[in-house]
Amino acid sequence: ADIKQGIHEAEKEIRDYGFHVDMRVLNTLEEQEQIGILHGFMDSGTDAVALFSIDSDIIRHKVNEIVRGGTPVVTYNSDIHDSDRMCFVGQDHFRGGMVAGDLMAKILGGAGDVLIITSLMELSCHRERIAGFKSGLAEYGEDIRVAGVAENQDMKELAFAQTMLHIQEYPGIKGIYVTGGGIIGVGEALKTIGREKEIKVVCHDLVDSTRELIQEGIVDFTIGQDPYYQGYQSIKILFERLMKGKNPDSECIRTRIDIRCKSNL
């Protein structure tokens, strides 16, 4: 919702110059759906594309094809590496994952098994967060370990099922790290088994469900990434390119790492 708000605000500012934003929201995290949307944009004569990108060869090939045809592409939130996109707007996800690992290790006293629930490994942002998280844990030695990594496609139902399954398999789990959406499913699972005050939880993004779980004491920390700025800045960068022929100053426009807990909501 915050990303959409940023996009809409940028559109208001560029509307008088004859620009219009056509927004499409993915229903799944399947590359074929994203390819279909990109085909639709090109068929309709779209002049520039801001893309929350799946990092796969087929999407990379399509992005490069679009850019070679003269249409600039900006990625936001999740990048597509080794592509011809103009720039990426978003957090340093490896660094965000390191912060999560540091926080988790501290609240577990440097020891214990941790479950990672991630959206989709084909999204670069989640791969980078996991790598950063493991790096953050490693700073505290071998007594704190990752017991498993499970995908949930940002769906609360899958997050619930994966939490229940892995805690049953690894009853000694002390912490859960959620790299993407579906945090409400984790909270429901922990309440179902009565371990919501015992198992520590670190996640990303300050959405309404996360805010409620922090207030309940189920989520300990969440890491924000300024989603409003991601949406707003992606559109303004493309506007500057189309209107003035101007490229961004950097290939990566970084957003802040914002740590939130109960006391600073």
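Q: Why is the pair of F19 and F239 called edge-to-face?
A: The ring centres of F19 and F239 are 5.2 Å apart, and the limit for a pair is 6.5 Å. Their planes stand at 80°. Edge-to-face needs over 60, so the pair is edge-to-face.

Q: Where in the chain do F19 and F239 lie?
A: F19 is in the loop between α1 (2-14) and α2 (31-43). F239 is in helix α9 (residues 227-244). Helices (H or I, at least four residues) and strands (E, at least two) are DSSP runs, numbered from the N terminus.

Q: Is F239 buried or exposed, and how do you know?
A: F239 has 8% relative accessibility. Buried means under 20% relative accessible area, exposed over 50%, and partly exposed in between (1.4 Å probe, protein chains only). So F239 counts as buried.

Q: What makes F133 and Y177 a stacked or an edge-to-face pair?
A: The ring centres of F133 and Y177 are 4.1 Å apart and their planes are at 10°. That angle falls under 30 degrees, so the pair is stacked.

Q: Which parts does the pair of F133 and Y177 tie together?
A: F133 lies in helix α5 (residues 124-138) and Y177 in strand β6 (residues 173-178). These parts are 44 residues apart in sequence.

Q: Are F133 and Y177 buried or exposed?
A: F133 has a relative accessible area of 0%, so F133 is buried. Y177 is at 0% too, so Y177 also counts as buried.

Q: Which residues do ring pairs link into a cluster?
A: The cluster holds Y17, F19 and F239.

Q: How do you know how compact the chain is?
A: The chain has nine helices and 10 strands. Its radius of gyration (over C-alpha atoms) is 19 Å.

Q: How are residues numbered, and what limits apply to the values?
A: Residues are numbered from 1 along each chain as its sequence is written, and side-chain values use heavy atoms, without hydrogens or water. In this predicted model local features need pLDDT of at least 70, side-chain atom pairs count only at pLDDT 80 or more, and totals for chains, interfaces and linings use all residues.

Conventions
Phe/Tyr/Trp six-rings, centres within 6.5 Å; stacked < 30°, edge-to-face > 60°. Rg over C-alpha atoms; globule rule 2.2 N^0.38 Å.
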